[in-house]
Amino acid sequence: MDLTIRPRRLRSSETLRKMVRETRMDKSSLVYPMFVTEGENIKEEISSMPGQYRYSVDRMGEKLEELMDAGVNSVMFFGIPDKKDEMGTMAYARDGIVQKAFAQAKRHLPGMYLIGDVCMCEYTSHGHCGILKGNDVDNDKTLECLAKTALSQVQAGADMVAPSDMMDGRVGAIRRILDTNGFAHIPIMAYSVKFASAFYGPFREAADSAPAFGDRKTYQMDFHNRREALREAALDVGEGADIVMVKPAMAYGDLIREIKDHVQVPVASYSVSGEYAMVKAAAKMGWLSQERMICEMAACAFRAGTDIYLTYFAKELAGYMDRGLIG
Ligand code: PBG
């Protein structure tokens, strides 16, 4: 056969396949999301996320050390308070759960990079991401609470804050409060393109944060939209976001790529709790290979333009990189 061009030539051995590989991944891009809860001696499995736990502050060190040993040096903390109220006041309490976790981690594991998810939904009795006015979230009133929350996390030891509430103007509000309190050097990673998604289901079980009524569609994005995604990312960059995020990751690879092509800041993507649960469920049934699914999902995110990948599989991925299954 007279075939000059044969793409298979470059696939003939593992060495050659790796030599011509287009997407390279690195452990330094991985962030592990972690739930910290009030109480003592708690390591409690999340039923819809087998293998993931809520840790009390006195037990979280075990997990953090395990991550560092695997080469994962960044975590994002979600706090689970023991009491919630209408206004979500425990989100910014000096002795709030996440503040205690930051202080402890900073003291004992200074090599770990600490990111704070900034939102009200884990702390409000109604489970919405802000302060209510009637049956909806009052955008402008919520901004003040979010700003206070971000500041309190940074004061406690957070190295970066990541607002996930989807209120308009929150990046600017957080930037201002950080700057006026001597934290101009702290970066903001904005959950800029965050969709109202079924894939957050297990997280809401983990954080006991499902809305008591209604849904999050008046603030999180409609998943049919792409131009709006570009608009949200551009707005956040304009307000001072240092990094923008697309969330979820798996069903939104197109938008990771588009955002990457449109902004000049690093792009994060978040493989959320529902993605984790799907992988676990299919693997448990024996229908699909867990490690191969995890590798393909991560490669998609990076191929699409992800610089920072938030995933509950961070430790597993680091192991796969060591074994040469991915990277
Ligand atoms: C808080 C927040 C959520 C997630 C990250 N930050 C839940 C939500 O918006 O309902 C979801 C993360 C995941 O599903 O893994 N607003």
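This is a predicted model: local features need pLDDT of at least 70, side-chain atom pairs count only at pLDDT 80 or more; totals for chains, interfaces and linings use all residues.
On the α4 side, the contact is made by L143, L146, A147, K148, A150, L151 and V154, and on the α5 side by R170, A173, I174, I177 and L178. Sorted by class, the residues of this contact comprise ten nonpolar and two charged residues, with no polar ones.

The second pair is formed by helix α9 (residues 273-284) and helix α10 (residues 290-303). Their axes also come within 9 Å, and they cross at roughly 150 degrees. Because angles over 145 degrees count as roughly antiparallel, α9 and α10 are described as roughly antiparallel to each other. The crossing of α9 with α10 is right-handed. Helix α9 contributes E275, V279, K280, A282 and A283 to the contact, while α10 contributes Q290, M293, I294 and M297. Six of the residues in this contact are nonpolar, one is polar and two are charged.

The ligand is surrounded by 19 residues, of which K194, R204, K247, S273 and Y312 are the closest. For K194, the distance from a polar side-chain atom to a ligand oxygen is 2.7 Å. For R216, the corresponding distance is 3.0 Å. In the side chain of Y312, an N or O atom lies 2.6 Å from an oxygen atom of the ligand.

Note on methods. Residues are numbered from 1 along each chain as its sequence is written. Side-chain values use heavy atoms; hydrogens and water are left out. Contact means heavy atoms within 4.5 Å. Helices (H or I, at least four residues) and strands (E, at least two) are DSSP runs, numbered from the N terminus. Ala, Val, Leu, Ile, Met, Phe, Trp, Tyr, Cys and Pro count as nonpolar, Asp, Glu, Lys and Arg as charged, and the others, Gly among them, as polar. A residue is near a molecule or strand if one of its heavy atoms lies within 4 Å of it. A polar contact is a pair of N or O atoms within 3.5 Å; within protein, one must be able to donate a hydrogen and the other to accept it, and residues adjacent in sequence count only if both atoms are side-chain atoms. Axes are lines fitted to C-alpha atoms, for helices over the stretch in contact, and angles run from 0 to 180 degrees between N-to-C directions. Angles under 35 degrees count as roughly parallel, over 145 as roughly antiparallel, 65 to 115 as roughly perpendicular and the rest as oblique. A crossing is left-handed if the near helix is turned anticlockwise from the far one by less than a right angle, and right-handed if clockwise.
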